[in-house]
Amino acid sequence: MRFIGALICNAIALWLTTLILSGGLTVTAYENTDLAYVLTLVLLAAIWGVVNGVIGKVVRFVSLPMYCLTLGLFALVVNGFLFWLVSWVSGLLGYGLEIKSFWWAIGGALLMGLFSAILNGLFNRANADEDKRS
C-alpha cells in the first residue's frame with residue numbers, strides 16, 4: 001500500500017512540476033485522452049522511482065567527492081541528470097517526459113523533489129493518524 005501511495009504522490013508531483021515549468025517540460029501521453037495522460041504520469045513516476053532507486057544510488061556514491069567539494073550543491077546536477085535520464089528512457093518507450101535542456105532538467109528535479117517530499121510527508125502523516133486510530 002505504501003508503494004502505491006508513493007507512486008501516486010510522485011505522479012502528482014510530476015504533474016505539478018510540468019504545470020509550473022510548462023515552458024521546458026512537457027508530458028506526452030501514449031494516447032490523446034485524459035486517462036492515458038494520468039496513466040502516463042503514473043508510468044513516469046514508476047520510471048522515476050526505478051531510476052532514482054537503482055541508478056541514483058550508484059551515481060551518488062561515485063560522485064561523493066564532488067558532494068564534499070561543493071558542500072552538497074552537486075546534488076542539483078546529479079538530480080537533474082537523473083531527471084533527464086527519466087526523459088530519455090520514456091522517450092525510448094515512445095511517450096513520456098520531454099525536457100528542452102539540462103537547465104530545465106535541474107529545475108524540474110528540484111521542484112519534483114520539493115513536491116514529492118511535501119506530498120509524501122502529508123501522505124505518511126495521514127497513514128500515521130489512521131494507525132493511531134486502529
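**Reading the helices and strands**

Tutor: Start with Trp48, which counts as buried because its relative accessibility is 10%. Buried means under 20% relative accessible area, exposed means over 50%, and partly exposed lies in between (1.4 Å probe, protein chains only). Trp48 is found in helix α2. Helices (H or I, at least four residues) and strands (E, at least two) are DSSP runs, numbered from the N terminus.

Student: What kind of model is this?

Tutor: This is a predicted model: local features need pLDDT of at least 70, side-chain atom pairs count only at pLDDT 80 or more, and totals for chains, interfaces and linings use all residues. Residues are numbered from 1 along each chain as its sequence is written, and side-chain values use heavy atoms, leaving out hydrogens and water.

Student: Which residues does Trp48 touch, not counting residues up to four places away in sequence?

Tutor: Contact means heavy atoms within 4.5 Å. By that rule, Trp48 touches Asn10, Asn79, Leu82, Phe83, Val86 and Met112.

Student: How do I describe two packed helices?

Tutor: Give the angle between their axes and the distance between the axes. Axes are lines fitted to C-alpha atoms, for helices over the stretch in contact, and angles run from 0 to 180 degrees between N-to-C directions. Here, α2 (residues 34-62) and α4 (residues 74-93) pack at about 135 degrees, with axes 9 Å apart. The two helices are therefore oblique to each other. Angles under 35 degrees count as roughly parallel, over 145 as roughly antiparallel, 65 to 115 as roughly perpendicular and the rest as oblique.

Student: At what angle do α1 and α2 pack?

Tutor: Helix α1 (residues 2-20) and α2 pack at about 110 degrees, with axes 8 Å apart. That angle makes α1 roughly perpendicular to α2. Among the residues that meet are Leu7 and Asn10 in α1, and Tyr37 and Trp48 in α2.

Student: Is Ser116 buried or exposed?

Tutor: Ser116 counts as buried because its relative accessibility is 11%. Ser116 lies in helix α5 (residues 102-133). Leaving aside neighbours within four places in sequence, Ser116 is in contact with Asn10 and Ala13.

Student: In what sense do β1 and β2 pair?

Tutor: Two strands pair if DSSP finds at least two bridges between them. Strand β1 and strand β2 (residues 96-99) pair in the antiparallel sense over four bridges. Strand β1 (residues 25-28) has a covered face, Leu25 and Val27, and an uncovered one, Thr26 and Thr28.
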